[in-house]
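Let's take a look at how the chains of this model sit against one another. Have the sequence and the 3D view open while you read.

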Amino acid sequence: MAYQDDIALMAHLMRRAGFGARRDELEARVAKGYEATVEELIHPETQPPVDVYTLLRYHPAALLPGGQPPMGNVNYMYHLVNTKRPLEEKVALFWHHVFATGNSKVDNYDQLLLQINLFRERGMGDYRALLVELARNPTMLFWLDNNENHGTAVNENWGRELLELFSLGVGSYTEKDVREASRAFTGWTFETKIPRLPYGRFPWKFEYRAEDHDDGEKEFLGHRGRFNGEDIINIVVEQPACARFVCRHLYNFFVADEPQVPAWSIESPSDPKAIDTLTATFRESHYDIRSVLRVLFNSSFFKNARFQHMKSPAEVVVGSLRLVGGYEMPRPGYGDLSMQPSYMGQDLLNPPSVEGWHTGQEWINSGSLMARINFVAQLVGDPSLPGVRAIIDRLKAKGTLSPEQLVDGCLDLLGPVEVGADTRRELVDQAKEWGQISWDREVSAQTADKRVGEMLQLIVATREYQFA
Amino acid sequence: MAATQKDPVLVVVQLSGGNDYLNTVIPYNNPLYRDNRPAVGIPDAQVLPIDKNYAFHPAMAPLKKVWDEGKLAILHGTGYTNSPRSHFRSMDIWHTCEPDKVGTEGWLGRVAREYDPNKENVITVVSFGPSLFRALAVPGVPVACVAGPLEKYGFLPTVQERELRLKVLDRFARMYAPVVGSGVMEYLGTTGLDSLKGADVLKVAPQRYASTVKYPDTPIARKLQGIAQVHLAGLGSRIFYCDHGSFDTHAGQNPGHGTLWSAVAEGLDAFMMDLRQHDHADNVLVLLFSEFGRRVHDNGSGTDHGAAGPAFVLGDKVKGGHYGDYPSLKAEHLVQGDLNPSMDFRSIYSTILEKWLKVSSKPIVGRAFEQLAFLN
Amino acid sequence: MALTTVARGRVYDWSHAVGRGAAAGTGFNYPQTMCLGKGGTVIVANRGNENNFGMRVNAVRIGAPGEEELLAEFFKWGEGDGRSTWPFGVAVDGQGRVYASDEWHNTISVFDSDGKFLRKWGKTGSGDGELVRPAGLVCEKNGNVIVVDSGNNRLQVFTPDGKFVAKCGKGGSGDGEFNQPWGITLDQAGNIYVADWKNHRVQKLSPQGKFLMKIGQYGTVPVPQGAYAVTYMGPYLSTSGTPGYPKAALLNHPTDVAVDTDGDIYVADWGNHRVCIFDSEGSPLATLIGDAQVMSKWGQQSIDANPDMMKARRRAKSLEPEFRFCFPTAVDFDPETDRIIVADSQRNRLQVYRKVRDYTDFQANL
């Protein structure tokens with residue numbers, strides 16, 4: 001069963017480094033090899049970009065969507081569903097969660113999409129450079145009020161969150177450091193843009209106003225000088241706390257659920273050695289996220305962390321749509337489809353606050369659980385969708401299926417998914433009520449299709465399926 | 001489930017998109033109204049005067065009836081200072097009572113936590129719409145979100161065959177049996193069973209419901225009928241939430257704005273009639289609000305985002321009338337071309353919380369606000 | 001920037017802008033295609049968005065600057081006759097009847113000149129007379145309608161009541177083959193010009209559908225580091241802040257074509273945010289990039305009603321980005337007025353130019 005192990009491991013990699021993969025893709029990737037697949041994933045430029053032109057032909061309103069949903073979400077969802085660079089999107093989603101910026105204040109999905117683009121382009125590169133770009137990103141400047149941060153009147157919002165939520169974490173700096181960092185970013189703002197009326201939105205552009213910058217001496221984390229913003233970032237990334245902070249985030253997002261950021265100053269990581277490994281790579285590679293991810297995905301702590309992560313709503317929705325297929329082309333209704341993660345508690349492009357989403361089991365409440373199960377069930381129960389058809393065809397190729405074979409076949413092709421003995425017994429008991437299924441006659445084939453759909457629905461409703 | 005049937009109940013109807021104040025409560029005798037509304041003004045012959053100064057939009061006839069009965073309070077000039085004119089931000093402020101920072105807890109979610117700290121009734125709050133309104137969101141507070149028809153509410157609606165469905169849901173319950181001490185799996189188990197229970201409880205509402213009242217065929221009327229069904233079933237739900245829109249009438253405001261208001265007014269008319277026929281109206285209070293009002297001057301076809309707006313409270317226990325002052329239309333009193341808010345929205349909340357829902361308002365809205373007189 | 005463009009004996013003078021962003025009434029909402037009606041009117045198919053706002057065909061009289069006037073609105077979002085889900089193509093026949101395609105339902109609806117629904121035809125499929133994502137439309141002098149059957153990569157000719165007459169083309173990149181074509185036009189001799197969208201070219205066919213000529217090849221500006229959005233969001237997002245336009249005759253997803261009375265060819269070079277003008281042999285003459293320095297009438301009304309918008313405009317460092325086309329989808333030439341009309345899709349307006357025939361140059365030392 002070594003081959004089956006390879007499939008399971010590859011499925012794990014693709015769920016975490018992407019949004020899952022259908023069986024034919026898993027087989028192709030296993031043939032290519034695990035390490036080679038990791039290399040492909042961390043080098044997205046080797047794969048073609050998403051065809052944005054096709055999106056804009058059919059949904060032109062997705063280009064400059066303004067402040068109201070769902071056209072911005074349509075744009076994002078189209079990328080997530082169609083990307084051939086799954087890790088690029090996954091990393092962008094990661095940074096969207098860490099550098100959480102929301103439409104609730106920005107009121108401008110165009111700008112949020114541009115920020116996501118920044119994460120796509122720079123998210124796997126040099127973290128120092130990413131922070132500099134983030135500090136120049138008008139969406140972020142507005143979100144954290146740095147346009148109100150003046151040489152004569154300091155606004156500490158950006159300066160504080162840069163240290164607390166974007167790089168070091170509480171406890172690694174003083175209030176004075178916040179003040180000094182904020183002073184260093186005075187004058188970092190954006191040009192007045194052409195307003196939205198009457199012809200639609202225009203983008204913001206970064207602007208550095210030297211006359212509004214406090215050029216005086218600052219004392220920051222033990223360094224002294226007439227620091228500007230970039231100097232602050234240079235000092236920040238040198239801090240041991242920074243490497244640890246970024247690597248704990250990566251671990252929490254890609255490897256296994258842990259308590260979230262606010263707990264980090266009091267709780268140690270569950271796998272300190274793993275964090276040490278990542279931290280060392282981060283520093284040795286000069287903050288190269290790609291290098292850290294290479295180590296992460298090839299590590300045994302990653303390979304052993306199957307189903308240790310509660311799927312986020314984005315993973316639920318995108319993973320399901322990519323599994324069942326048929327949602328690649330723009331179509332009417334893409335708006336509601338793209339809002340599905342929000343119905344499950346993750347309003348993409350509009351996180352609840354700068355702290356990002358509450359993850360892990362906090363994704364789950366009575367409403368969101370029903371929303372996620374019903375959404376996935378409705379898709380996997382539809383045999384007209386190509387991915388569901390592919391699952392049925394693979395089962396069909398095995399001939400007549402006993403109840404156990406039906407259950408195990410469905411579990412296998414949906415993941416492979418690992419379920420507890422109690423869960424499996426319920427599934428098998430249900431299958432036993434149907435008896436053997438087969439596709440040898442037209443009538444029985446119809447029933448068999450239906451039974452597979454029902455079994456798939458029951459499986460995606462299990463507790464175990466909520467994990468990746 | 002043991003709630004007495006006459007506990008006070010709040011129904012919120014959110015007018016999403018920014019309802020136009022000037023064409024809702026029309027200052028029809030003010031020449032500045034005509035000056036500012038060359039394209040989307042409502043002609044004198046069509047307005048529904050409620051007194052010598054103000055008139056309702058012609059589409060609001062059913063609400064005029066409630067006004068005449070003395071059961072509709074108009075809350076003038078609602079809003080807050082530094083209105084951001086963004087749908088999301090404005091709505092968030094109304095939902096979280098946090099005008100100055102990003103808040104994450106909804107004001108009604110906090111009420112639900114007060115009412116049912118141990119989550120004994122998973123349907124204390126019922127929301128009609130696909131997503132959870134932030135006004136209801138507080139971590140750990142269950143909210144039933146009914147996205148489609150109430151009859152279809154529950155797990156796995158795509159498994160339709162009755163017998164199979166019962167079996168599958170039974171298996172679901174067994175598969176979610178909490179395993180004590182297993183952390184996240186236990187939590188998932190409890191949540192799944194809570195959710196299943198909520199669906200089971202709500203399921204009886206449409207079964208118990210019988211009414212002669214015909215609701216109009218509009219989304220808001222369907223939601224209000226769903227609320228009536230749950231309320232009349234006596235399941236102990238205390239807070240209902242729904243919305244209608246989009247009131248974002250940048251273009252083609254006439255007749256669009258009228259269509260929106262007919263749907264709301266006629267829907268509410270049917271809803272109140274339904275409750276009265278079942279003798280279940282007297283413990284229901286309805287609040288209507290929108291995230292902001294619209295620009296004073298029209299843009300040739302519609303109106304753009306503004307600031308102050310009207311809110312409405314109606315119900316059998318409401319003392320009808322005007323509360324607060326209609327903000328001045330004079331150019332020198334406008335803020336960026338908008339009506340300047342004269343009533344903090346948290347005054348309305350405080351009044352409802354203290355006088356209707358009977359909970360202490362300060363922990364919910366942040367501090368003390370003026371109490372209004374629309375409730376005894 | 002110049003309002004008058006002079007090139008190889010031709011002069012193009014910017015006249016005015018028409019419209020503003022509006023989901024209903026006085027304005028446009030993502031025009032996909034456009035055609036000329038009678039007496040200086042244009043008929044525009046507006047795509048709308050996923051909130052089911054803005055879908056409609058509207059007829060607007062362009063008039064002189066400041067005269068724009070809404071004449072009719074129809075084919076709005078909804079189910080049933082006269083309604084649409086995804087409006088795309090429009091064409092007007094000799095009697096003023098309007099044909100409009102719905103590329104979701106794969107139907108063609110016909111309206112009278114006042115916008116009253118008359119009939120519809122078309123069904124999904126790839127057989128003769130069947131359609132997949134019908135895009136541009138044009139009426140021939142004999143009353144027949146040519147439909148760009150985009151999803152099937154071919155053209156089909158129908159009688160006015162929808163009977164199949166003929167077809168030409170298939171998927172591919174060879175001569176006479178198409179890849180998701182968009183707009184279509186006819187010259188005075190009845191030759192057919194098609195914007196072959198995914199092949200980044202325009203093809204000229206005889207009235208019988210025989211390949212005659214092709215214009216253009218793929219090209220766009222190189223994307224500087226950190227400016228993924230240069231071609232994706234408009235011409236103004238490069239880090240350097242300067243607009244980048246590629247060389248003439250390089251096209252990026254062209255969407256429409258028009259031919260004037262001299263045989264000059266205008267191509268809506270959508271992805272490069274410009275209109276490229278070629279002579280009848282296909283050699284490049286000039287490029288228009290949009291010059292809307294004066295507000296449209298309806299646009300001005302928006303500004304007048306919103307003092308904060310006016311304030312922001314007065315603070316903006318430059319209004320130049322507003323002058324320029326952003327994904328222009330359609331171009332028409334009105335022989336009665338020598339006007340070139342461009343549907344500036346992402347800016348929800350039309351920009352009107354005039355081909356000046358009696359231009360005399362001024363003294364260079366003024």
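## Where chain B meets chain C

Here 13 residues of chain B are in contact with 13 residues of chain C, contact being heavy atoms within 4.5 Å. Between them, chain B and chain C bury about 900 Å², with 48% of it on carbon and sulfur atoms. Buried area is the accessible area (1.4 Å probe) that two parts lose on being put together, summed over both. On the chain B side, Arg295(B), Asn299(B) and Gln336(B) lose the most area to chain C, together 45% of what that side buries.

How many salt bridges cross the interface of chain B and chain C? The rule finds one, where a salt bridge is a side-chain nitrogen of Lys or Arg within 4 Å of a carboxyl oxygen of Asp or Glu. The side chains of Arg295(B) and Asp308(C) meet in a salt bridge, at 2.7 Å from N to O.

## A note on the model

This is a predicted model: local features need pLDDT of at least 70, side-chain atom pairs count only at pLDDT 80 or more, and totals for chains, interfaces and linings use all residues. Residues are numbered from 1 along each chain as its sequence is written, and side-chain values use heavy atoms, with hydrogens and water left out.

## Where chain A meets chain C

Now over to chain A: 46 of its residues are in contact with 60 residues of chain C. The area buried between chain A and chain C is about 4,400 Å², and carbon and sulfur atoms give 61% of that. Tyr53(A), Arg57(A) and Tyr199(A) supply 23% of the area that chain A buries against chain C, more than any other three residues.

The count between chain A and chain C is three salt bridges. In one salt bridge, the side chains of Glu207(A) and Lys317(C) meet at 2.4 Å, N to O. Chain A and chain C also have 18 residue pairs in polar contact, both at pLDDT 80 or more. Which helix gives the most to the side of chain A that touches chain C? That's α4(A), with six residues; helices here are DSSP runs (H or I, at least four residues), numbered from the N terminus.

Note on methods. Chains are lettered from A and ligands numbered from 1 in the order in which they are written. A polar contact is a pair of N or O atoms within 3.5 Å; within protein, one must be able to donate a hydrogen and the other to accept it, and residues adjacent in sequence count only if both atoms are side-chain atoms. Helices (H or I, at least four residues) and strands (E, at least two) are DSSP runs, numbered from the N terminus.
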